[in-house]
Amino acid sequence: MERELSPQNTEKLVQFQELSGIDNLNRCIEILERHNWDVETAIHDHLGLDPREVTQSVRELPVFPLQNGQTTINRPVMQQSIHRPQPVDSIFQRIMTFFSNTLFDDNMGLWPTATYQRPYGFTGWLLFISSLPLRVIMVTFYQFTRFVFRVIRPEHRPAVTDPTGNVVSFIQEYNQTFGDPHPTFYPGTYSQVLNEAKKELKFLLVYLHCKDHQDTNKFCHQTLCNPEVIEFINSNCLMWACSVDSLEGYRVSQALRENTYPFLALVVQREFRMTVVGRIEGFVEPECLLQRLRTIISDNEAFLVAARADREERSFNQALRQEQDVAYLESLRADQEKDEKKRRERLLEEERLREIRELELAEERKKEEMTKKKQDAIKQVPPEPASDEIGICRILIRLPQGQKLERRFHRTIHTLKDLYYFILSHPDSPYQFEMATSFPKRTLPWQPGMDIIPTLAEVGLGASEALLVLDLDA
């Protein structure tokens with residue numbers, strides 16, 4: 001039954017097939033639909049992984065497209081005549097796996113493949129044919145024993161709880177077994193090294209170690225410890241290694257679906273995702289390994305160059321945006337400072353104008369009050385006595401602006417209050433003033449609101465006096 005899938009769901013289907021190893025499209029679609037097309041949840045359920053351990057997204061987990069980088073739902077045909085084992089979920093599948101591995105498996109198969117050196121010459125073929133019955137017996141016994149053991153005791157692997165511990169333990173065990181001369185192994189989880197390779201834009205070389213395989217010791221002693229191999233890998237790649245006997249290695253093995261050991265996979269960022277671009281399976285000599293690595297890296301270096309150029313362009317654009325943002329913020333700050341300065345100046349000017357207005361209003365009120373006082377003072381001035389009356393005091397008054405006033409007062413009847421009101425009633429007199437004699441100069445003891453007001457005679461004024469008006473506001 002064919003179903004119409006969107007491009008996004010098609011890509012998720014390809015990813016799920018690569019992780020699960022299930023070739024039946026309808027079954028894959030049913031599993032994904034059951035998990036609402038969530039690849040991560042579907043993979044956890046299918047492989048029995050613990051979701052709490054996985055902290056990276058499904059793109060950062062070992063989820064790879066096909067080796068040629070094409071997003072198609074058809075699985076590619078392997079160049080070698082090798083049948084890829086499927087997950088063993090039942091006795092029937094275990095039986096089929098047993099017979100297929102017996103005939104075609106690279107590790108213990110009957111026929112020489114590309115990973116083993118073919119015999120040359122008559123002697124070589126004679127030895128190979130003569131040893132074929134023994135090889136048949138050995139392979140059959142080995143495969144049957146392994147099949148029986150797996151049927152009786154199926155392999156149940158719990159969820160990965162300490163992936164970093166699995167990797168560090170393998171590195172320590174490898175150093176104790178094979179020594180220190182080897183490429184630098186990344187001491188972290190597979191997800192972490194994927195992120196590191198993506199961050200540094202470098203190739204990632206994945207090595208899956210199987211200590212039970214017949215070629216593992218030979219590969220580690222002859223190939224991985226080769227100085228040229230070590231220098232080349234350390235200079236061009238990040239290398240991550242783990243044993244398939246550990247939970248972390250087994251999980252990665254389920255993702256990469258290797259056929260034999262030793263197994264190497266070269267991973268690189270390709271079109272914004274980490275992709276397997278090369279697989280090296282079985283024992284290889286150092287020279288052959290270097291040649292294949294150089295070829296794969298040379299064929300895929302353009303993807304890293306494009307990724308670096310894209311990252312540099314994004315970094316340049318980001319730096320340019322940051323500079324523009326800084327310039328904008330600086331301009332905005334300058335404008336804000338100008339606006340603040342103008343606001344302060346405006347407030348100061350408004351305050352100054354308000355004070356001036358208050359002073360003017362105070363002055364106007366003061367003038368109004370003094371005008372009223374002058375009008376009231378006119379009413380308070382007593383009539384001027386006749387010139388021939390006894391006890392008359394003739395007073396000459398000089399105002400601050402030079403005006404002269406002259407008037408007669410009774411020395412014993414009129415008081416300083418009468419004299420004060422007479423001066424205050426004049427239009428040119430100041431509002432606040434003091435009265436003083438000209439010679440000898442002394443200030444007359446007068447203050448508005450006095451309880452006891454002295455007469456002119458009591459303050460010592462004679463028949464003729466000259467007084468000065470002193471402006472207190474001047």
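Before you start clicking, one term: a residue is buried when its relative accessible area is under 20%, exposed when it is over 50%, and partly exposed in between (1.4 Å probe, protein chains only). You are looking at a predicted model, in which local features need pLDDT of at least 70 and side-chain atom pairs count only at pLDDT 80 or more, while totals for chains, interfaces and linings use all residues. Residues are numbered from 1 along each chain as its sequence is written, and side-chain values use heavy atoms, with hydrogens and water left out.

**Stop one: Arg257 and its loop.** Select Arg257, which counts as buried at 7% relative accessibility. Its phi is positive, about 55°, although Arg257 is not a glycine. Arg257 belongs to the loop between helix 11 and strand 3; helices (H or I, at least four residues) and strands (E, at least two) are DSSP runs, numbered from the N terminus. The peptide bond from Tyr261 to Pro262 is cis, with omega near -5°.

**Stop two: another cis bond.** Jump to Pro440, in the loop between strand 7 (433-438) and strand 8 (441-443). Here the bond from Phe439 to Pro440 is cis, with omega near -10°.

**Stop three: Trp37.** Trp37 sits between helix 2 (25-34) and helix 3 (39-47), in a loop. Its phi is near 60°, positive in a residue other than glycine, and Trp37 is buried at 14% relative accessible area.

**Stop four: rings.** The structure holds 10 aromatic pairs, where rings of Phe, Tyr and Trp (its six-membered ring) pair if their centres lie within 6.5 Å; planes under 30 degrees apart are stacked, over 60 edge-to-face, and the rest tilted. One of them is Tyr420 with Phe433, stacked at 4.9 Å centre to centre with 25° between the planes. Tyr420 is in helix 13 (residues 416-424) and Phe433 in strand 7, so this pair ties together parts 13 residues apart in sequence. Tyr420 also forms a tilted pair with Trp446, at 5.4 Å and 45°. That Trp446 lies in the loop between strand 8 and strand 9 (464-471), 26 residues from Tyr420. Now select Phe170, Tyr174, Phe178 and Phe185, a cluster linked by ring pairs.

**Last stop: charges over rings.** Show Lys218 and Phe283: the charged end of Lys218 sits over the ring, 4.4 Å from its centre. Such a charge has NZ of Lys or CZ of Arg within 6 Å of the ring centre and within 35 degrees of the ring normal. Finish with Arg407, which lies over the face of Phe409 at 4.8 Å from the ring centre.
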